[in-house]
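Welcome! Take a moment to turn the model around on your screen before reading on.

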Amino acid sequence: MIQFFYENLPESVNTEYTKWLEDLILSEGKKLGEINYIFCDDEYLLKINQEYLQHDYYTDIITFDYVKGKTISAEIFVSLQRISDNASTLSKNYEEELRRVLAHGILHLCGYKDKTEDEEEEMRNKEDFYLAKYKN
């Protein structure tokens, strides 16, 4: 089950993404467990980054991985403020950037990394692949 929650923000994300994200998980040969997306602002996510990861910088997403075998479960914190800023900086559509970040979190849970240039390229290719499959 995929659920959406909000911290320090009004509800604003379209829950139509659920089916698309479920299809992504199944396409990767995984099973859906319990995924909670928690949408928040920059300050909320910065505190999580500092407290749990000892990182003192803003980020758009932090994923807490509870995967067991092929069953994908997690808490995924997403800063909508950071996504908006990134979309503007990259001259991208906000909704597309949001979908990219939502997919990015799931892809990490499926085993994709982005620490090296090769891993980052593979992650971007997977994100692009699944973004192309999204139907409004």
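## The largest pocket

Strand 3 contributes the most to the lining of the largest pocket, giving four residues. This is a predicted model, so please read everything here as computed from that prediction. Helix 2, strand 3 (61-65) and helix 4 each provide at least two residues of the pocket's lining.

How much space lies in the largest pocket? The answer is about 500 Å³. The lining is made up of 16 residues, and those closest to the centre of the pocket are Ile 61, Thr 63, His 108, Asp 114 and Lys 115.

## Residues listed as a binding site

The UniProt record, an unreviewed entry, lists His 104, His 108 and Asp 114 under "binding site". The lining of the largest pocket includes His 104, His 108 and Asp 114.

## A closer look at His 104

You can find His 104 in helix 4, which covers residues 94-109. Is His 104 buried or exposed? His 104 counts as buried because its relative accessibility is 12%, and the cut-off for buried is under 20%.

Setting aside residues up to four places away in sequence, His 104 touches Ile 61, Asp 114, Met 123, Arg 124 and Glu 127. Ile 61 in this list is also one of the residues closest to the centre of the largest pocket.

Asp 114 sits in the loop between helix 4 and helix 5 (117-133). With a relative accessible area of 25%, Asp 114 is partly exposed.

Which residues is Asp 114 in contact with, leaving aside neighbours within four places in sequence? They are His 104, His 108, Glu 119, Glu 120 and Met 123. The side chains of Asp 114 and His 104 are also joined by a polar contact of 3.1 Å.

## The two sides of helix 3

Now move to helix 3 (residues 80-89), where Leu 80, Arg 82, Ile 83 and Ala 87 are buried. These residues lie on the same side of helix 3, because they cover an arc of only 155° around the axis.

What do the buried residues of helix 3 pack against? Their packing partners are strand 2 (31-40), helix 2 (42-53), strand 4 (71-79) and helix 4. On the other side of helix 3, Ser 88 and Thr 89 are exposed.

Following helix 3 comes Ser 91, with a positive phi near 55°. Ser 91 is not a glycine, although its phi is positive. Its place is in the loop between helix 3 and helix 4. Ser 91 counts as exposed because its relative accessibility is 68%, and exposed means over 50%.

Gln 54 also has a positive phi, of about 55°, although it is not a glycine. Where is Gln 54 found? Look for Gln 54 in the loop between helix 2 and strand 3. Gln 54 is exposed, and its relative accessible area is 60%.

Note on methods
Residues numbered from 1 in each chain as written. Predicted model: local features only at pLDDT ≥ 70, side-chain atom pairs only at ≥ 80, totals over all residues. Heavy atoms only, no water. UniProt positions renumbered as here; feature names shortened; annotations may be inferred. 1 Å grid on protein atoms, 1.4 Å probe; cavity = no way out; pocket = protein on both sides within 12 Å on 5 of 7 lines; lining within 4 Å. Buried < 20%, exposed > 50% of the residue type's maximum accessible area, 1.4 Å probe, protein only. Contact = heavy atoms within 4.5 Å. Polar contact = N/O pair within 3.5 Å; in protein donor to acceptor, adjacent residues only side chain to side chain. Arc of directions from axis to C-beta. Points joined across faces, edges and corners; volume = space filled by probe spheres on them.
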